[in-house]
Amino acid sequence: MHTTVGIIGGGPAGLLLARLLHKAGVDSVVLESRDRAYVEQRQRAGVLEQATVDALRDCGAGERLDREGLVHHGIELRFDRRAHRVDFPSLAQGRGVTIYAQTEVVKDLIALQLAEGGPLLFGAQVREVTGADTERPAVRFAHNGREQTLTCDYVVGCDGFHGVAREAFPEHLRRTYERTYPYSWLGVLADVPPSCEELIYAHSPRGFALHSLRSPQVSRLYLQVPAGDDPANWPDERIWDELDARFAVDGDWRLERGPITAKSVLPMRSFVTEPMRFGRLFLAGDAAHIVPPTGAKGLNLAATDVIVLARAFAHLQAAGSTELLDAYSDICLRRVWRAEHFSSFMTTTLHTAPDQNPFDTRLQLSQLDRIASSPHAAAELAENYVGLPIEGP
Ligand code: APR
Ligand code: PHB
């Protein structure tokens, strides 16, 4: 098999890249190790920046998104029993975000690619990338019990944090930066209408809590738990009681309870590998960077990486120039570090670390009070949350 762009990974990054390349007339092959059902049911984030929405529409995946996506124009911060709404349009040049689960994004992209795109192989376990620094890189993979090779003009590692593409970068050329947080998130899905139309981010002495949603009938909630905690330690009643305590606010708001249909613990980590390119091998999405989910940046960073990369391949196809491919890593890393900083800021401002120094808690409350009282401080949060413009042509 040969293709112009070999894509490792059929998550949001790999699938969106394949669709954007298809639209630009650039052929690709997507190799995904898991089966379709597994990839489509993986519970992840649900907040889309406008650039992500625009890219999904551009590649033909906007129909259900436009029908079922929920446009949000703000979030609520809760701290010290106070509630403060951060309004996006007035603070961030009229922009907002769209709530639409990553599972649904992935389903839409898979259906589209299978219907009218290039090869998308499930159960294709990539072993390694070879010849990244040559004119003919190749991807060795196992599929249907056979070891196979895909030769490519270029390879893009969209294979997530645990993928193999990053291993093809020579050690001496790789710089990695990481931080792990002393807590995790317990994420739950509940068959109960959301108790608030917008998202609520709550700081409390007991720990962080987040009220999000998936539809007018399904709530998505998270609470800070000890790092590596086990969902089995969290019976439904304990979850609701703890969420009630953390969302506590003066006034008559009430958290509606209902059957919890999914529970999982997700780690909190920050990670970046530089550069995002080696020869004819590129990295995009979680393969290159990880953010704690507090800033809702993971999916959107993956999307903007592949938007920049697809433009670069389209430019190569149209003008025969690699100038945008050559600029890819620098353009994306500037945006990655901005998102890393914002995600770190949201995480460290809203979470109460184990044995946190009371001095640090007062600093957190002062920062939250500053956002609630200063349009400048609130604008900085709003602009980062809705997403900054993508650099480059
Ligand atoms: N061969 C083939 N496929 C692989 C391999 C491999 N060796 N290793 C990993 N994969 C696949 C995984 O099964 C997964 O489907 O690559 C895909 C990577 O997808 P994600 O981990 O979702 O990463 P990405 O597409 O960059 O999307 C980032 O997903 O994990 C969330 O929070 C993250 O919202 C962010 C988004
Ligand atoms: C979600 O709805 O899954 C979600 C929303 C906002 C976040 C993280 C997760 O910051």
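**Exercise 1.** Find how far an oxygen atom of ligand 2 is from an N or O atom in the side chain of R214, then describe the surroundings of ligand 2.

*Solution.* The distance from the R214 side chain to the ligand oxygen is 2.7 Å, which is a polar contact (a pair of N or O atoms within 3.5 Å). The protein covers 99% of the 280 Å² of accessible area that ligand 2 has on its own (Shrake-Rupley method, 1.4 Å probe).

The model is predicted: local features need pLDDT of at least 70, side-chain atom pairs count only at pLDDT 80 or more, and totals for chains, interfaces and linings use all residues. Residues are numbered from 1 along each chain as its sequence is written, chains are lettered from A and ligands numbered from 1 in the order in which they are written, and side-chain values use heavy atoms, with hydrogens and water left out.

Next, take two further contacts. A polar side-chain atom of Y222 is 2.5 Å from a ligand 2 oxygen, and a polar backbone atom of A296 is 3.5 Å from an oxygen of ligand 2.

Then list the shell. Ligand 2 is surrounded by 15 residues, the closest being Y201, S212, R214, Y222 and P293 (near: a heavy atom within 4 Å). At least two shell residues come from each of β14 (199-202), β15 (209-215) and β16 (218-226), and β15 gives the largest share, three residues. Strands here are DSSP runs of E, at least two residues, and helices are runs of H or I, at least four, numbered from the N terminus.

**Exercise 2.** Which residues are closest to ligand 1, and how many surround it?

*Solution.* There are 24 residues around ligand 1, with E32, R42, R44, Q102 and D286 the closest. Polar side-chain atoms of E32 and Q102 each lie 2.7 Å from an oxygen atom of ligand 1. For Q125, a side-chain N or O atom is 3.3 Å from a ligand nitrogen. Of the 700 Å² of accessible area that ligand 1 has on its own, the protein covers 89%. Two or more shell residues come from each of α1 (12-23), β9 (125-130) and α8 (298-319).

**Exercise 3.** Which residues of the largest nonpolar core touch the most other members?

*Solution.* This core has 76 residues, and L16, L17, L31, V156 and F313 touch the most other members. Such a core is a set of buried Ala, Val, Leu, Ile, Met, Phe, Trp, Tyr and Cys residues joined through side-chain atoms within 4.5 Å, where buried means under 20% relative accessible area (1.4 Å probe, protein chains only). Its largest share, 11 residues, comes from α8. Apart from this core lies another, of 34 residues, including V47, I75, F79 and A378.

Terms used:
Polar contact = N/O pair within 3.5 Å; in protein donor to acceptor, adjacent residues only side chain to side chain. Buried < 20%, exposed > 50% of the residue type's maximum accessible area, 1.4 Å probe, protein only.
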